[in-house]
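Here are my notes from going through the model, in the order I'd talk you through them. Have the viewer open while you read.

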Amino acid sequence: MSLGLLQDLFDLMLGLSTQNDRTRILNAFCGSMGEIFPELQFRYHSPEADPPECVSFPLHTVTDDYGCVAVEGPLEEAVAEDELPLVQQAMDYLAVLLEREEQAVQLAAYKSTGAAGLESCSQELLRVHERLHRTLNAIGSHLYVADLETNEVLFANECMRQKLGGEITGRKCWEAIGGRNSACPGCPLTQENRGELDETTPMVWESFSERDNRWYQNQTRILDWGNDRKAQLTLSTDITEHKQSESDLERWGQIFKYTGMGVSVTGKKYELAMVNPAYARMHGYEQEELLGKSATELFPAGYSKTLSEHIRALEERDSYTFEMPRQRKDGSQFPAQIDITSIRDEQGGVLYRVANIQDISERKEQEQRILAAKERAEAASKAKDEFLSNMSHEIRTPLNGIFGMLQLAQTAELDPELDEYVATAMSTARNLKTILDDLLDLSRMEAGKMRLHPAPFSLRDSLRTVLGNFSVQAQNKNLRLDSVVHRNVPPTLIGDDARLRQILFNIVGNAVKFTPEGEVEVTAQALPHSPTPDHVNVLIIIRDTGIGIPPERVDHLFENFTQMDGSFTRRYGGTGLGLGIVRRIVRMMRGTIAVESEPGHGSSIYLSLPLEREQHDCDMGEELCRMIKEQPLRILLAEDDRVSVLAMRRFLHRLGHTPTTAANGREALELLRREQFDAVLMDIRMPLLNGLELTRLIRSGEAGKNSETHIIALTAHAMQGDREAFLDAGMDDYLAKPVDMDTLCFALLKAMPRQ
């Protein structure tokens, strides 16, 4: 609501009240309203005239109809919604003035009738007074008259009486209207302000009513009440919402002024209409210097193309955020985040845009530090991976030879003492392989690169294989090592058999290690509840009669590098990595693991794993081995390590194959060009031509008729990502050293011609 409009309308009404001619009142009113609202034209239409086609305001009083005022022009654009009630009140007051003039004309006519008409004139005066009284009561604003000396209310219209309630007349105006015990603050009619009173000029002042907690703008004029009595006529308009808007505007103005973020308001063409002090400081200007300047001038010239792209994106959205350098007055630059919101009119056109500017220099520096730290960490991780990869290769290559020779020795007929030596050496080699696998698994897990590879497997076979690895150790300690699988466990399940064996190998290995006498038993059963009908929750319990675990050590059992005995004189070896890796793998498999132990009385480890049921159970192990032996394959073995060549040749002979060997990649390529092979077993690191280069030459047709030959990587590279790299290079399968005969058997099965 505009206070200026209130003043203009009040001045107009006071001016019209001095007029004594109906025509002059109407002309003055329409002309003055046209000056207040230049976009509009106001024309009077009498009751007898045809109704106007444009918007009109009726001139009604409680007793009569005085026509209407027609308004030509864009009324909704020229007059705000909260200003329409003021315009309507002006129309109501005009109707009252018209009625007053008509009553004055009638009164003059009555006076001309002489003494004979005095009685009739008196009656008419009473009717006029009654109509005027009803007219004043019909006004929708507070209107009252108070004695100028005593401040007693002489008259209050109906609107005021209904709003305030109770009797008003006869009481002090500040008590009856304001709910106060003394004069209202700011009232121009108090004794101390009376000296400034100009009876010819209307007074405008504001007051707060404690009766209804509302703010009012008061328009007061001094008038002669008769019998030498002066009175004040006051019209009060409720401006509480306007005061609240002013308060809100002031509060937002304070926020706009003191916020640390740069804020600007721009027009449709990005000209700066308002900027806060932070915005000016940020760019090195005074606020006045920026007003009228185009916001696009505050971007460095070298970014014009990027800025144009952002402006196009902004034109299509109501809110848009982007980052770009900003330029200060002295030519220096700083990185900024810019958030722009477009304020639109009802037709969707842009009225103005509000931009929030943040100097993100500190954030950018922090990002650079984080990026540098990330790069250093990645470099350190890469160096660690390369070290582990090289260590893995250097250890696995000789270990492959050791495994091969020991496995071949176990197939020969040896005297009992020599057989015991071979078994002991085999167990030691497996322990070495376990330590190496734990180190590699820890690296994979820390890098988040370990993945599960679900496939059908037999839990019974897995337990048999795991326990078989510790049978010699158990016999040497006179331990009973046994497993029991309940009938409710399906013969074939789907899961990562290799990871499950790794879990069991670690737990059973610890049980055998820490059990000097007694037994180690593994049981498995299906729990009655499962995640879905296609799954089964398998509970595996590993129980031993060993030394047990102290209560204070149970919570730390699954942490990396934690051992039961960490002293220099410890009786039991190991890296302390196994159970830490076990817990991580169990979580990957969405399982749970728990420990129950009592020192001196053994331990029980409970392992619950949700595994998928295999719909078509079968056991093809023996049948597959028979098929492989009955259908010999032509195999090229490309390997430069002499011991590994010897072991692999013996393995292949036992499976019924006669391999051809090559000591380097170049020799292997020449053999492939001359002969055709069903499969190629090749090392990755070979002299002259490595395995990856040889594979690419084979697949590109450089190896004669062997471009589609089944290629199996036989390598000591066992880091995460190695397998994927080899398969991407064109290889079909991957065997990590050391290789056992069972694994080799299944790999060769995939190379057999499809029946």
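Predicted model: local features only at pLDDT ≥ 70, side-chain atom pairs only at ≥ 80, totals over all residues.

1. Next, the neighbour. Strand 6 runs antiparallel to strand 7 (residues 214-226), and seven bridges join the two.

2. Which order do the five strands take? They go 5-4-8-7-6, in an open sheet with antiparallel pairing. Strand 5 (153-156) and strand 6 are at the edges with a single partner strand each, so one side of each has no neighbour in the sheet. From one strand to the next, the twist averages 30°.

3. Further along in that sheet, have a look at strand 4 (residues 142-147) and strand 8 (residues 229-238). Six bridges pair them in the antiparallel sense. Here the handy landmark is Y144, whose bridge partner in strand 8 is T234.

4. On to a helix pair. Helix 14 (residues 459-469) packs against helix 16 (residues 497-513) at an angle of about 40°, and their axes are 10 Å apart. Angles under 35 degrees would count as roughly parallel and 65 to 115 as roughly perpendicular, so helix 14 and helix 16 are oblique to each other. The crossing of helix 14 past helix 16 is right-handed. On the helix 14 side, the contact is made by L459, S462, L463, T465, V466, L467 and N469; helix 16 contributes D497, L500, R501, L504, F505 and V508. Sorted by class, that contact has eight nonpolar, three polar and two charged residues.

5. Two residues to check for backbone angles: Y270 and L688. Y270 has a positive phi of about 70° although it is not a glycine, and L688 likewise has a positive phi of about 70° without being a glycine. Y270 is in the loop between strand 9 (262-266) and strand 10 (272-275), whereas L688 is in the loop between strand 23 (679-682) and helix 22 (691-699). Buried or exposed, then, for Y270? Y270 counts as buried, because its relative accessibility of 13% falls under the 20% cut-off. L688 counts as exposed at 68% relative accessibility, as the cut-off for that is over 50%.

6. What does S604 touch? Leaving out residues up to four places away in sequence, S604 touches I542, R543, A594, V595 and E596.

7. Last one: Y734, in strand 25 (residues 733-736). Y734 counts as buried at 14% relative accessibility. Along the chain, Y734 and A713 are 21 residues apart, yet their C-alpha atoms are separated by 4.6 Å.

Methods: Residues numbered from 1 in each chain as written. Heavy atoms only, no water. Axes fitted to C-alpha atoms, helices over the stretch in contact; angles between N-to-C directions. Helix = DSSP H or I, 4+ residues; strand = E, 2+ residues; numbered from the N terminus. Parallel < 35°, antiparallel > 145°, perpendicular 65-115°, else oblique. Left-handed = near helix turned anticlockwise from the far one by under 90°. Contact = heavy atoms within 4.5 Å. Nonpolar A, V, L, I, M, F, W, Y, C, P; charged D, E, K, R; others polar. Pairing = 2+ DSSP bridges. Buried < 20%, exposed > 50% of the residue type's maximum accessible area, 1.4 Å probe, protein only.
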